[in-house]
Amino acid sequence: KRFDLTEGQRHSLSDQTKKVVRGLEDEVTITYFQREREMTRGRDRLREYQTLSDKLKVEYVDPLQKPARAQAFDVKGPWPILIVQRGDQRERISNDSEQDITNALIQVTREGRKTVCVAEGQGERSTEDSGERGFSGVKSALATSLYEVQGLFLLREKTVPAECTVVVVAGPEKDLAPEALSPIREFVRGGGKALIMVEPEFEESFPNLVSLLDEWNIQVGNDVVVDISGVGQIFGASELAPLVMDYPSHAITKDFRVMTLFAGARSVQAGEGTVEGVTAQDLARTSAQSWAETRLALEGALEFEEESDRLGPVSLAAVATVAGEPPASEASEAEAPDSAEDTGDGDEAEDQPKAPEGRVVAVGDVDFASNQLLGFQGNQDFFLNLVAWLAEDADLISIRPKEPENQSLFLSRQVQQNVAWVALVILPLIFVVLGVLTWWRRR
């Protein structure tokens, strides 16, 4: 049994790695090329991978001792080089970090790539923007998870292209026109998946977008969430940047144990009523020391007003599944209900195709996924889990391996001199003085 007491558990495999490796259905081989004397770290890491599944095989090769083996894979230094292979699919990586190894395993085990279409044309965040407000980090993270990312101009297309698995509406500055909402509505009704992020109505209002979400029993409040718990302030955030650590039970947030930070968020929750064919629930809630402030023109100190504000916990995200229209075959049988009785064949009903299930996730903030906040604690994992659930990639819903943090310590010249004096002069002198005093007493 091993215990990892390092900060962030640097020497333990992530939840995603465990899920990916344990889910292997076919045999996967990793050929690890490295000099024998430098193979210890990679060998230790790959042994942890092997303990998760007997379908993962690892071969360790010193390219100088076995040059023919290296030539067979056409590998040349610098080392290490890892060849990850499943059948005819092969990936080559030049790093033995957990992130690279796990990504290579995902690449060789997934069949094809799914496409995330990001709406554009009405002020949505751009995946090409590398500024603080941009979504270039999201594009990079999605590419790492093997999703294709492309723009979608709904007003021009008039429909969602067939290649789009997930449609993302990333905080438009203007309310979506009815001509842009109609394709999304039809897409979800036909079993499509949509992630919609809508900002508080400080200057612009979004009645069309809010109305669309209401059709899926997701209520969007005309408010802004205030968090005075003080936890966010530890990370340099204001009261208008609520921190979330409460995640109601759902596949997206199963075993999710990290914080997410939002900035300028509005409440988004499952509707109190019911909508036929729709199942909705909350996804992320703030602490009890928060409230939904309805006076958007905030001036002076923030104070809770019982008659107008809503005390927390406040939901910032909600999810809904939408039953689509039944296939044509079922509709035709519905018109002739006596046909099954006449034939006496009760198994045909079981063989009928199921109605498609649309999926929707709504978030009352877009900044949590911006370049500025994407790297905070669980923000990136939360966003990618939303996309993975929508795309029905259950094996990608998890806490992903992180890049190792820089543990270097940089000392100024003065500090170096102080350390030298303490280590080389003061501490030895203390022992000398203590020794002399001890000798003097015993004399």
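The following legends describe close-up views of a predicted model. Local features require pLDDT of at least 70 and side-chain atom pairs pLDDT 80 or more, whereas totals for chains, interfaces and linings use all residues. Residues are numbered from 1 along each chain as its sequence is written, and side-chain values use heavy atoms, with hydrogens and water left out.

**View 1. Leu195 in the largest nonpolar core.** A nonpolar core is a set of buried Ala, Val, Leu, Ile, Met, Phe, Trp, Tyr and Cys residues joined through side-chain atoms within 4.5 Å; buried means under 20% relative accessible area, exposed over 50%, and partly exposed in between (1.4 Å probe, protein chains only). The largest such core has 66 residues, of which Leu195, Met197, Val361 and Phe383 touch the most other members. Helix α13 (residues 379–390) contributes the most to this core, with eight residues. Helices (H or I, at least four residues) and strands (E, at least two) are DSSP runs, numbered from the N terminus. Beyond its neighbours within four places in sequence, Leu195 is in contact (heavy atoms within 4.5 Å) with residues including Val167, Val361, Phe383 and Leu390.

**View 2. Helix α5 and its buried face.** Val138, Ala141 and Leu142 are the buried residues of helix α5 (residues 136–144). Seen down the axis of α5, these residues fall within an arc of 100°, so they line one face of the helix; the arc is that of the directions from the helix axis to the C-beta atoms. The buried residues of α5 pack against β5 (114–119), β6 (147–152) and α13.

**View 3. The largest cavity.** On a 1 Å grid over the protein atoms alone, a cavity is a set of points where a 1.4 Å probe fits but cannot get out, and a pocket is an open set with protein on both sides within 12 Å along at least five of seven lines; lining residues have an atom within 4 Å of a point. The largest cavity has a volume of about 50 Å³, a volume being the space filled by probe spheres set on the points, which are joined across faces, edges and corners. Among its lining residues are Glu120, Gln122, Phe153 and Leu176.

**View 4. The second largest pocket.** This pocket has a volume of about 310 Å³. Of its 14 lining residues, Arg133, Glu173, Glu199, Pro200 and Phe206 are the closest to its centre.

**View 5. Ser182 in helix α7.** Ser182 lies in α7 (residues 178–189) and is partly exposed, with a relative accessible area of 31%.
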